[in-house]
Amino acid sequence: MALPDFDDSQWGEVKAPADWVDQGMQEWIGTETVVVYRRRIEIPDTWKSGKIGISAWFNPYASLVFVNGVRVEPERKPFAPYADISEIVLYGQSNTLAITTLNDGYLEFTEAGPPRIGPLEVRTVTQVLHKDITFATEDGEAEATLIHPAARKNLPGMVLVATGSHGFAEKEPWFDLADDFARQGYVSLALALPIQKSSGVLAGVEYLRSQPEVDPQKILLFGVDQAAPAVVGAAIQDPSIRGVILLSAIIVDNVEQLRARLVLFLASQGDRNGYVLEQAKTMAQQIKGPTQVVILPGKGHGSFLFTNVWNPLRKALLKWLMEHQLTP
């Protein structure tokens, strides 16, 4: 179906990218389906003198792009993927563009911008730096990665702690999200603790506060799954922590002690058949302060949501940060 001579004369027309329902795909809800889009375009002769680029990955993790039957690989994922197709396109002639993406009936990954083809331009973007570090906690050495934009000062900082049901902390799943937030002006410390305890999270907070690019009055904690109790405990012990974000959180017994703290709960609609979302709502009701529960599409859990609901998760986080003036 990616080849130029494939007969698509019986195919219907849709506006893409768009939500699955808006494309008339309701009948496939709950069924994994690979969707293929095709379009023919003419590339002007006048573009021969420069490099030509394409940006057409509807899903940053599960899309393929073909130009005239040739699969092209993006320069980077998931942030602003593009590819140089100067040697593939036919100038002054019709070209066939084919895009595949995965529709499982729930995930709205087709929220990317419209596909674009045109001359490549060199633009200045924010450089993102990674620094691997270790520091001591009362339970041993913790590994972490500091992720921040270059040459910026007085920025909000986030300590990121992800622990799955296996009980092991992991920092790599944070990198794409932290890179994107660095370009928005945030400093992140992706933290892998030897034991999930509040003391380890607080050690990470102290390290982050010591960094010259961080505003020590704008520190947030972001905990995933089994990390929720340690993150909540750290916020209770340190009243200067501005806010707490919890994703797919397990029940935290003392969550009401957060009191007037800013708290954001994130959970997918179908996670554990809705049980995780109900847990989030229950905990939010126990806190007297300005809490919010955001329902994400699908049924994903934990750091897996960083890949399969990238756009809704990112939008919800940025909106919450802006509403509470936790911006650079």
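Predicted model: local features only at pLDDT ≥ 70, side-chain atom pairs only at ≥ 80, totals over all residues.
Biologist: Is Asp271 buried or exposed?
Modeller: Away from its neighbours within four places in sequence, Asp271 is in contact with Ser248, Val276, Gly298, Lys299, Gly300 and His301. The cut-off for buried is under 20% relative accessible area. Asp271 has 0% relative accessibility, so it counts as buried.

Biologist: Now the helices. At about what angle do α2 and α3 pack?
Modeller: Two packed helices are described by the angle between their axes and the distance between the axes. Here α2 is residues 198-209 and α3 is residues 228-237, and their axes are 8 Å apart. α2 passes α3 in a right-handed crossing. The packing angle is about 65°.

Biologist: How many nonpolar residues does the contact of α2 with α3 have?
Modeller: From α2 come Ser198, Val201 and Leu202, while α3 brings Pro229, Ala230, Val231, Gly233, Ala234 and Gln237. By class, no charged residues take part and 3 are polar. The nonpolar count is 6.

Biologist: On to the open sheet: which are its edge strands?
Modeller: The sheet has 4 strands with antiparallel pairing, in the order β1-β6-β3-β4. An edge strand pairs on one side only. That gives β1 (33-42) and β4 (70-72).

Biologist: And which residue in β6 is the bridge partner of Val36?
Modeller: β6 is residues 94-103, and β1 pairs with β6 in the antiparallel sense over 10 bridges. For Val36, the bridge partner in β6 is Thr100.

How values were computed: Residues numbered from 1 in each chain as written. Heavy atoms only, no water. Axes fitted to C-alpha atoms, helices over the stretch in contact; angles between N-to-C directions. Helix = DSSP H or I, 4+ residues; strand = E, 2+ residues; numbered from the N terminus. Left-handed = near helix turned anticlockwise from the far one by under 90°. Contact = heavy atoms within 4.5 Å. Nonpolar A, V, L, I, M, F, W, Y, C, P; charged D, E, K, R; others polar. Buried < 20%, exposed > 50% of the residue type's maximum accessible area, 1.4 Å probe, protein only. Pairing = 2+ DSSP bridges.
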